[in-house]
Amino acid sequence: MIRFTSNLRLSFVFAVAVIAAVAIPSASAAEKVTATQLIALAKTPGPALRDAITATFDAKDLKEGTAWAGHGPDFFFALDSTTKPQLLIDAIPGPQMQQLAGSSLWYAAAHIDQLGKLHSFYYLIEGKKFGGKLDVPAFGPLSYLQLGVPSGTLSEKISHTSKIYDGMKSEYWIYVPAQYKSDTPAALLFFQDGGGYTDRNGNNPTLNVIDNLIAQHKIPVMICIFINPGDIADAPGTPTYAQVKKYSDKWNRTLKDSMRSTLYDTVSDRYVRFLRDEIIPEVAAKYNLRRDAYSRAITGLSSGGICSFNAAWQMPDQFSRVISWIGSFSAIQWKEDPGVPDGGQDFPDKILREPKRNLRVWLQDGSEDLDLRYGNWPLANLRMANALKAKEYDFHFSYGKGTHNSAHGAAEFPAEMTWLWRDYDSAKIEQTFEIEPSEKSKPIFRVAVTNRDAE
């Protein structure tokens, strides 16, 4: 059984230092504001705070008790309720909710010390649990661009038409850090579902983390490729189109979603060949890239997670470092292609029975992840972790209480990248990865049923 402890300090915060660049909205400004601004407005609650709350949060989220905003350790919670609620954060009683005069809106600010982690909250109303979220990331300082750290450059969207996938059209972006020099080959990092990682102020502040860690010399200078799943819609009559269309009709999924699944969930070398033979050469024509797997990493979430592991598994000479968030190690593409006997659910057994690859792997999942017709995500990731441990892979498994959501992985991304690239030496082109002594000494992962009444 995996146990978690929490060292939280929760306190109601009104006295917040707001830097001059942060403007406090006027009562007439019907625009979304930040958690920092909401907390500042709460110092003198009135119409401006009410307007800011209703502009920032959807009415549905306010009614259902799922509205929250955060910045670093500072959080703001709001709820529309006719009855006074009690806020609990990580199951610990939080600050008292305050009611806005003349309304049914309640609010509270809280300070959470434990950063770089996933947290949760819910309310008690008349003694009954109400609302809340299991996926509340508390981003640490490395998820925000630090003072004096130079920013790199994100390219415009680039289009590519594939030969390996019979005319599939893909889009990707290239991120070049400020420290890149054309006379020095750079490391390489691929992101699947790449468009979801390019917003510095979004749910996955990846670019900030990369800039900060490069500046601190915790990771090497690296070119990042953010690639989206392709679209086969403009290539009817091709074998790939026929295969994807058949899968789409069978499982009642859209053509574009089915193309993504075909790319990401299939246990074969086709996708990594697409990266190796089509995308990497395009990027290498513009930038000086390292060619050794020691200097290449790949990451993604959900189907992008299994895709990343599969790419490194199929071609460890191309990628040796993997980060998988909520990886779909399940039977999504099992037997959809007669020429591919394995499905994602087979990876734990493949790890145990096939020759060991030279890989370093970070896995992340949560106990409330999916359980669908294709399999059970938490159990699949637990099996992956135990298989990697049994074969003494260099791996880390971060297991929490989250759902099928990027919040946990994003909160830990600075730690993930630091772990993944630890002991990297640009003078080397290879390294034999070995299980960490601290991991080797730990027992295997066990499970316990926690959502059923004791018999």
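User: Which residues of helix α2 (residues 47-56) are buried?

Analyst: This is a predicted model, in which local features need pLDDT of at least 70 and side-chain atom pairs count only at pLDDT 80 or more, while totals for chains, interfaces and linings use all residues. Residues are numbered from 1 along each chain as its sequence is written, and side-chain values use heavy atoms, with hydrogens and water left out. Buried means under 20% relative accessible area, exposed over 50%, and partly exposed in between (1.4 Å probe, protein chains only). By that cut-off, the buried residues of helix α2 are L49, D51, A52, I53 and T56.

User: What covers the buried residues of α2?

Analyst: Helices (H or I, at least four residues) and strands (E, at least two) are DSSP runs, numbered from the N terminus. The cover over the buried residues of α2 includes α1 (35-41), α3 (59-64), β2 (74-80) and β6 (105-111).

User: Which residues does F76 contact, leaving aside neighbours within four places in sequence?

Analyst: F76 lies in strand β2 and counts as buried, at 0% relative accessibility. Contact means heavy atoms within 4.5 Å. With neighbours within four places in sequence left aside, F76 is in contact with L38, I39, A42, L49, I53, F57, A67, W68, A69, Y107, A108 and A109.

User: How many Å separate the C-alpha atoms of F76 and Y271?

Analyst: Along the chain, F76 and Y271 are 195 residues apart. Their C-alpha atoms are separated by 43 Å.

**Another buried residue**

User: Is Q364 buried or exposed?

Analyst: Q364 has its place in strand β16 (residues 360-366). Not counting residues up to four places away in sequence, Q364 touches S324, W325, I326, G327, N381, F397, S398, H408 and G409. The relative accessible area of Q364 is 1%, so Q364 is buried.

**Salt bridges**

User: How many salt bridges does the count come to?

Analyst: Side chains of opposite charge can pair when their charged atoms come close. A salt bridge is a side-chain nitrogen of Lys or Arg within 4 Å of a carboxyl oxygen of Asp or Glu. By this rule the count is 23 salt bridges.

User: How many residues apart in sequence are the parts that K169 and D234 tie together?

Analyst: The side chains of K169 and D234 meet in a salt bridge, at 3.3 Å from N to O. K169 lies in strand β11 (residues 169-176) and D234 in the loop between β13 (222-227) and α5 (239-251), so the parts tied together by the pair are 65 residues apart in sequence.

User: Is D234 partly exposed or exposed?

Analyst: K169 has a relative accessible area of 42% and is partly exposed. For D234 the relative accessible area is 58%, so D234 is exposed.

User: What is the distance between the closest N and O atoms of D249 and K245?

Analyst: D249 and K245 are four residues apart in helix α5, so about one helical turn separates them. An α-helix has 3.6 residues a turn, so residues three or four places apart point the same way. K245 is partly exposed, with a relative accessible area of 32%. D249 and K245 form a salt bridge, and their closest N and O atoms are 2.9 Å apart.

User: Which residues are linked with R422 in a network of salt bridges?

Analyst: R422 and E436 meet through their side chains in a salt bridge (3.7 Å, N to O). R422 is in the loop between α12 (413-420) and α13 (437-440), and E436 is in the loop between α12 and α13, so the pair ties together parts that are 14 residues apart in sequence. The residues linked with R422 in the network are R360, D394, D423 and E436.

**Positive phi**

User: Where is S302 found?

Analyst: S302 is not a glycine, although phi is positive, at about 60°. S302 counts as buried, at 10% relative accessibility. S302 is found in the loop between β14 (296-301) and α8 (303-314).

**The whole chain**

User: How many helices and strands does the protein chain have?

Analyst: The C-alpha atoms of the protein chain fill a box of roughly 65 × 60 × 50 Å, taken along the principal axes. Of the 455 residues, 54% count as buried. The protein chain has 13 helices and 19 strands.
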